[in-house]
Amino acid sequence: MRVIAKRTLREFWESAPQYAGTKGPLEAWYAEARKATWRTPQDIKDQFRHASILKNNRVVFNIGGNKYRLIAAVDYQRQALFIRFIGTHRQYDSIDAEVV
């Protein structure tokens, strides 16, 4: 998968001292996503069993022992994954994951 964009992840872990600990988990997730060839939502579930599949080709990944959530829009045909959101559970609860 092409992951667009790693910069979003880096900006998150650099945005505040309390997020600095997400660098390792986010880089690990990024490496796994880059190697993946997901053709269907089930392919994602097979690799990340705790991922949540939503409408509009959105997927919610649990990051850092489920302390953070990452929402991605997946274009299976083009093999592209667009990072739409990364944040805490509280931040996640304040958005509509299907439209971000």
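Predicted model: local features only at pLDDT ≥ 70, side-chain atom pairs only at ≥ 80, totals over all residues.

User: How many aromatic pairs does a search of the whole structure find, and how is the pair of W29 and F61 classed?
Analyst: A search of the whole structure finds 8 aromatic pairs. In the pair of W29 and F61, the ring centres are 5.3 Å apart and the planes meet at 65°. Planes over 60 degrees apart count as edge-to-face, so the class of W29 and F61 is edge-to-face.

User: How many residues apart in sequence are the parts that W29 and F61 tie together?
Analyst: W29 belongs to helix α2, and F61 belongs to strand β3, which covers residues 58-63. The pair therefore ties together parts whose separation in sequence is 32 residues.

User: Is F61 buried or exposed, and what is its relative accessible area?
Analyst: Buried means under 20% relative accessible area. W29 is buried at 3%. F61 is also buried, because its relative accessible area is 1%.

User: At what angle are the planes of F48 and F61, and how is that pair classed?
Analyst: The ring centres of F48 and F61 are 5.3 Å apart. Their planes are at 85°, so this pair is edge-to-face.

User: Where does F48 lie?
Analyst: F61 is in strand β3, and its pair with F48 ties together parts that are 13 residues apart in sequence. F48 itself lies in the loop between α3 (41-47) and β2 (52-53).

User: Which residues form one aromatic cluster?
Analyst: W29 and F61 make an edge-to-face pair, and F48 and F61 make another pair of that class. The cluster also includes W38. Its members are W29, W38, F48 and F61.

User: Which helices each supply at least two residues of the positive patch?
Analyst: On the surface, K6, R10, K23 and R34 gather in a patch of positive charge. One of them, K6, lies in helix α1. The helices that each supply at least two residues of the patch are α1 and α2 (23-35).

User: Is K6 buried, partly exposed or exposed?
Analyst: The relative accessibility of K6 is 31%.

User: How far apart in space are E14 and N57, C-alpha to C-alpha?
Analyst: E14 is found in helix α1, residues 6-15, and is exposed at 54% relative accessible area. E14 and N57 are 43 residues apart in sequence. From C-alpha to C-alpha, their distance in space is 28 Å.

Technical notes. Residues numbered from 1 in each chain as written. Heavy atoms only, no water. Helix = DSSP H or I, 4+ residues; strand = E, 2+ residues; numbered from the N terminus. Buried < 20%, exposed > 50% of the residue type's maximum accessible area, 1.4 Å probe, protein only. Patch = residues over 30% accessible without salt bridge, like charges linked within 9 Å, V, L, I, M, F, W, Y side chains within 5 Å. Areas by Shrake-Rupley, 256 points an atom, 1.4 Å probe, with all protein chains shown as cover. Salt bridge = Lys/Arg side-chain N within 4 Å of Asp/Glu carboxyl O. Lys, Arg positive; Asp, Glu negative; His and termini not counted. Charge placed at Lys NZ, Arg CZ, Asp CG, Glu CD. Phe/Tyr/Trp six-rings, centres within 6.5 Å; stacked < 30°, edge-to-face > 60°.
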